[in-house]
Amino acid sequence: MSEINKMKDYAHKNNVPIMQDEGIKFLCDLVKTRNCRSILECGTAIGFSSICMAKINPEIKIDTCEINVGLIEIARKNIQEENCENQIEVHHCDAAIFQTTKKYDLIFVDAAKAQYKKYMDHFMENLSETGVFVFDNLNFHGLVDNPEMTKSRNTKALVRKIKNFRDLILEDKNLNTCFYPNIGDGIAVVEVKKVL
Ligand SMILES: C[S@@+](CC[C@H](N)C(=O)[O-])C[C@H]1O[C@@H](n2cnc3c(N)ncnc32)[C@H](O)[C@@H]1O
């Protein structure tokens, strides 16, 4: 079994949510076509998406934030086994307070779904001239469009927040947003319009 398949298998068996096949393909294609070299990821989990992106080109550098210390250990081990330790730096922190002056070609947001607006505001200044945000899980397993499918009040509240965020990025006149509802769990690519 390839290392990538081993990671997928581990995630599946241990209920660690990682990007779905279609979603990771979309993300890697975007990294290739936009020639991204500097990437910030919010939500490392076991390092799966970071490793997939790093493997595209040895010049790619990734900062990735993860709050769960147990997952960080696994991610660092996977990153080492894949010889990506010179490309990927795992930061143990809440992504919402990660501070850096670096500029990124891609800011991939895949951490706490209720905090997407907070992450976008927090990292706005860290986008490079041609940089984009990518947000995953904007359908939240179909619940955003069908909230009646859950009875849980907490899930309903989360789904409402994701819906509000999705509407906001689609309606904000300062943003160019492409929403791909049928890719993975619903992915958006968001560019900030340049002020002329
Ligand atoms: C969907 S998983 C990330 C999957 C990963 N991007 C991949 O596809 O391989 C989301 C991760 O975000 C982490 N997380 C949740 N809240 C966070 C926060 N505030 N800051 C950083 N990481 C957070 C979770 O512990 C979880 O590992």
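Q: Why is Tyr116 called buried in this predicted model?
A: Tyr116 has a relative accessible area of 2%, and buried means under 20%, so Tyr116 is counted as buried.

Q: What makes the pair of Tyr116 and Phe165 edge-to-face?
A: The ring centres of Tyr116 and Phe165 lie 5.8 Å apart, and rings pair if their centres lie within 6.5 Å. The angle between the two planes is 80 degrees, and since an angle over 60 counts as edge-to-face, the pair of Tyr116 and Phe165 is given that name.

Q: How do you know that Phe165 is buried?
A: The relative accessibility of Phe165 is 5%, and because the cut-off for buried is under 20%, Phe165 counts as buried.

Q: Why can the pair of Tyr116 and Phe165 be said to tie together parts of the chain?
A: Tyr116 belongs to helix α5 (residues 116–123), whereas Phe165 belongs to helix α6 (residues 153–171), so the pair ties together parts that are 49 residues apart in sequence.

Q: Why is the pair of Phe26 and Tyr180 called tilted?
A: The structure holds six aromatic pairs. In the pair of Phe26 and Tyr180, the ring centres are 4.8 Å apart and the planes stand at 55 degrees; planes under 30 degrees apart would count as stacked and those over 60 as edge-to-face, so this pair is tilted. Phe26 lies in helix α2 (residues 21–33) and Tyr180 in strand β6 (residues 175–180), so the pair ties together parts that are 154 residues apart in sequence.

Q: Which words describe the accessibility of Phe26 and of Tyr180, and why?
A: Phe26, at 15% relative accessibility, counts as buried, because buried means under 20%. Tyr180 has a relative accessible area of 30%, and because exposed means over 50% and partly exposed lies in between, Tyr180 is called partly exposed.

Q: What makes β2 and β3 a pair of strands?
A: Strand β2 (residues 61–66) and strand β3 (residues 88–92) are joined in the parallel sense over five bridges, and because two strands pair if there are at least two bridges between them, β2 and β3 count as paired. Asp63 has Glu89 in β3 as its bridge partner. From β2 the chain passes through helix α4 (residues 69–81) to β3, in a β-α-β crossover that is right-handed.

Note on methods
Residues are numbered from 1 along each chain as its sequence is written. This is a predicted model: local features need pLDDT of at least 70, side-chain atom pairs count only at pLDDT 80 or more; totals for chains, interfaces and linings use all residues. Side-chain values use heavy atoms; hydrogens and water are left out. Helices (H or I, at least four residues) and strands (E, at least two) are DSSP runs, numbered from the N terminus. Buried means under 20% relative accessible area, exposed over 50%, partly exposed in between (1.4 Å probe, protein chains only). A crossover is right-handed if, with the strands pointing away from the viewer, the path from the first strand over the helix to the second runs clockwise.
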